[in-house]
Each structure stands twice: as structure tokens, then as C-alpha cells.
Amino acid sequence: MRTVVTGGAGFVGSHLCERLLRSGDRVVCVDNLVTGSRDNLEAFDGHPAFEFVEADVTEGVPVRGPVDRVLHLACPASPRHYLGMPTRTLLTGSLGTQHALELAMRHGARFLLASTSEVYGDPLVHPQPETYWGNVNPIGPRSVYDEAKRYAEAWTSACRREFGADTVIARIFNTYGPRMRADDGRMIPAFVGQALAGEPLTVHGDGTQTRSVCYVDDTVRGLIALAGSDLAGPVNIGNPQELPVRQLAGEILELTGSTARLTYVEAAEDDPRRRCPDIEVARTRLGWRPLVGLREGLARTVDWFAARTAPALAD
Ligand code: NAD
Ligand code: UDP
């Protein structure tokens, strides 16, 4: 099996490449490193079954040779990143997805789109099942990400209907773990970095907004199961344990033994108030469910960040 992973040098993509290599796949990672890094590939960069192609998917996906699967993850994913490159994010979600799906169709390969819970916007239905159409502000700052993913879902569905493309849509909910960028502004790396540095944890708004966070190994296992299934999706991949953001911050303080406090800063515009996946489809059709509990996942994440920040703190 030769699998192309776009966005493979990113947080989720690098774990996906690693697990695919371990299962015996040949893996081609296509990435322009805009938010990802070659450091994420360190564990397997010299592996004989691994190739890295530096390319921007908005210009094409230049992969030669056989292709059995295309797992399309390339896209800035952290609000800090996509708000900083709005038009580029829209182009990556639209044109980039068209190019990745074209590659899959040329080879008759299975295509997986890494979509997001953000297609539900600030949801009015709770928890969110795949049948919910969402509540997205189409002109708000977050729309560059949300609408690009909604377009990508529409494009994927149209190619399946019109050309018989073999596709599946995964709607990934907040995922965390080692290899997140310390500076990407997302909640867990921000809180862990702040706690380890003994700085106040910056809670947006009053911190009563909720998220349901899934450890990266669970998410990756779900994506691989979906790629290997004959489902078309969309299928939610996430952990339904829902917590207010300020409680998550508290958990991180406890785990790190930090004496830092919480500081409440301005709420982010259009920040979804609640988010929790309904994972009945993944459970029943895929036999998938998350296995790593919050405490364990956070502990592994804290250890990883601590190992990287310790030398700097010692200086
Ligand atoms: P990430 O930013 O770490 O990874 C994205 C990768 O895509 C990076 O390596 C980046 O360099 C690459 N990339 C971006 N634009 C590109 C382009 N035009 N051409 C080639 N490469 C490009 O983010 P992540 O958290 O690993 O997210 C991966 C995917 O999963 C994204 O599609 C994201 O929308 C989706 N997702 C992630 C989460 C999450 O919580 N991590 C939740 C929902 C959906
Ligand atoms: N958040 C926060 N402080 C931070 C970063 C994020 O309170 O330093 C909040 C953010 O406003 C949101 C939640 O944490 O309510 C999750 O944010 P993240 O950027 O991780 O993901 P997303 O908003 O895409 O779900």
C-alpha cells in the first residue's frame, strides 16, 4: 500500500505517517512546511519506505508512481495560523483539496478528507451528530477555515456523486498531544507552555465555553480505520468527554504542579460556545472509540513539552 499524506509534517499528519509506516505502508508526505516542520518527521525521516515532497497543494500534488490512498490533511488548523493567513487558508481548503482529490481520482485511489468539527460552527444542536448542518458565520474571521472545509466537503461529495470517486470525510474534533507547536496558540499547548513556565494561563472570555479533546493516537487510529473502511462519511472522530475551558486549564495546572493562576482575557470573536461530538456512527459502523483518558493524554503531552522546555528553563 502506497499512501500519500498531505500535511504529513504537521501535528496530526506526522503521527499518521508514523503509524502507517509501522503498519507496513509506503508513505509519501507532501507538505510546504507553512505550519508543519521537518522536526516532526525526525522519528522516521530516514525510513526506507518514507518520502518527503516539499510542495504547496494549492499548486498541485506532485507525486510520481503508484498511489493507493490519499489522506488529505494539508491546511493550517490553529486559529492563530489561519486568522493570520486568511486567503491562503481558503485557497488551501478549496484549490488544495481539488488537487489532492484529482491525484486520488487519477489513480483510482481512496481519498480521505480531514474535515473538522468547525463545519458545525457555533452549534445550536448538542452534541453534534453528522446530520447537523451547522451554524457558521460566513463572513466572520473564522469563516476562512470553516467555509474552506465546508467547500472541501462539498467538492469531495460532488466528485463522489459525479465521477464515482472513492471518498470518505472525517470530521475531526479538537485533538491534542505531542508535536503540537508550543507557539500555535491553541488551548492545550498554550496552557501547558504557560503552566510549565509559571506564567498565568490565558483563558479567553469567562472560560465557560466547552471543548471535548481527543488524544492524537485515538484520532489517528480513527482516521486509519476510516481510510480502510468503505464508508463515505461524514464521520465524527472525537472524544465526547466535554469540559469547560477553564476546567481544562485547571487540570493542566494540577498535572504540572504549577502555582500559576488563570487570567481571563478578551474572548475570541465567534468562538463556539459548546462543542461535543456524537460518535455513534464511528462506534457502530467503524467499531472505533477513544481509548486514552484525559488525564493520561494530558500527562503524556505535558511530559513531551516539559522535555523540550527543560533545557531552556535551565539556561
Ligand atoms: P498542523 O498545522 O500541525 O498541520 C497542517 C499541515 O499542513 C502542516 O504541516 C502544514 O505545513 C501543511 N500545510 C498547510 N497548508 C499547506 C499547503 N498549502 N500545501 C502543503 N502543505 C500545507 O495542523 P493539524 O492540527 O495537524 O491539522 C491537520 C489537519 O487536521 C488539518 O486539515 C485540520 O484542519 C484537521 N483538523 C485538526 C484538528 C486538531 O484539533 N488538530 C481538528 C479538526 C481538524
Ligand atoms: N483558548 C483559551 N486560551 C488560549 C487559547 C484558546 O481560552 O490561550 C480557548 C479558545 O477561545 C476556545 C478553546 O480554548 O474557546 C479552544 O481553542 P483552540 O484554539 O484550541 O481550538 P478551537 O477554537 O479551534 O476549538
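**Labels and their cut-offs**

Modeller: Start with the record: the unreviewed UniProt entry annotates residues 4-238 as "domain: NAD-dependent epimerase/dehydratase". Such annotations may be inferred rather than shown by experiment, and UniProt positions follow the numbering used here, with feature names shortened. The model is predicted: local features need pLDDT of at least 70, side-chain atom pairs count only at pLDDT 80 or more, and totals for chains, interfaces and linings use all residues. Residues are numbered from 1 along each chain as its sequence is written, while chains are lettered from A and ligands numbered from 1 in the order in which they are written.

Colleague: What makes up the span 4-238 in helix and strand?

Modeller: Residues 4-238 are 36% helix and 19% strand, with end C-alpha atoms 23 Å apart. Helices (H or I, at least four residues) and strands (E, at least two) are DSSP runs, numbered from the N terminus.

Colleague: Why is Thr97 called buried?

Modeller: A buried residue has 20 or more other C-beta atoms within 10 Å of its own; exposed means 12 or fewer, partly exposed is in between, and C-beta atoms are placed from the backbone. Thr97 has 30, so Thr97 is buried. Thr97 sits in helix H3. Beyond four places in sequence, Thr97 contacts His72, Leu113, Ala152 and Trp155. A contact here is a pair of C-beta atoms, placed from the backbone, within 7 Å.

Colleague: What makes H5 "mostly covered"?

Modeller: Of its 11 residues, 9 are buried. Among them are Met187, Pro189, Phe191 and Leu196. Just after H5, Gly198 has a positive phi of about 70°.

Colleague: Which residues touch the most other members of the largest nonpolar core?

Modeller: Leu112, Ala170, Phe191 and Leu223 do, in a core of 76 residues. H5 provides the largest share of this core, 7 residues. A nonpolar core is a set of buried Ala, Val, Leu, Ile, Met, Phe, Trp, Tyr and Cys residues joined through C-beta atoms within 7 Å. Leu223 touches Leu16, Leu71, Leu112, Ala170 and Ile237, leaving out residues up to four places away in sequence.

Colleague: How do you know where the two domains lie?

Modeller: The domain assignment gives domain 1 (2-176 + 213-237) and domain 2 (187-209 + 242-273 + 292-314). Such bounds come from an automatic or database assignment. Over C-alpha atoms, the centres of domain 1 and domain 2 are 26 Å apart. Their contact takes 13 residues from domain 1 and 9 residues from domain 2. On the domain 1 side, 6 are nonpolar, 3 polar and 4 charged.

Colleague: What counts as polar there?

Modeller: Ala, Val, Leu, Ile, Met, Phe, Trp, Tyr, Cys and Pro are nonpolar; Asp, Glu, Lys and Arg are charged; the others, Gly among them, are polar.

Colleague: How many residues surround ligand 1?

Modeller: The shell has 27, the closest being Gly7, Gly10, Thr35, Gly36 and Ala77. A residue is near a molecule or strand if its C-beta atom, placed from the backbone, lies within 6 Å of it. H1 gives the most to this shell, with 3 residues. By class, the shell around ligand 1 has 13 nonpolar, 12 polar and 2 charged residues.

Colleague: Which residues come nearest to ligand 2?

Modeller: Arg186, Met187, Ala190, Thr202 and His204, out of 14 around ligand 2. E8 gives the most to this shell, with 3 residues. The shell around ligand 2 divides into 6 nonpolar, 5 polar and 3 charged.

Notes. Two residues are in contact if their C-beta atoms, placed from the backbone, lie within 7 Å.
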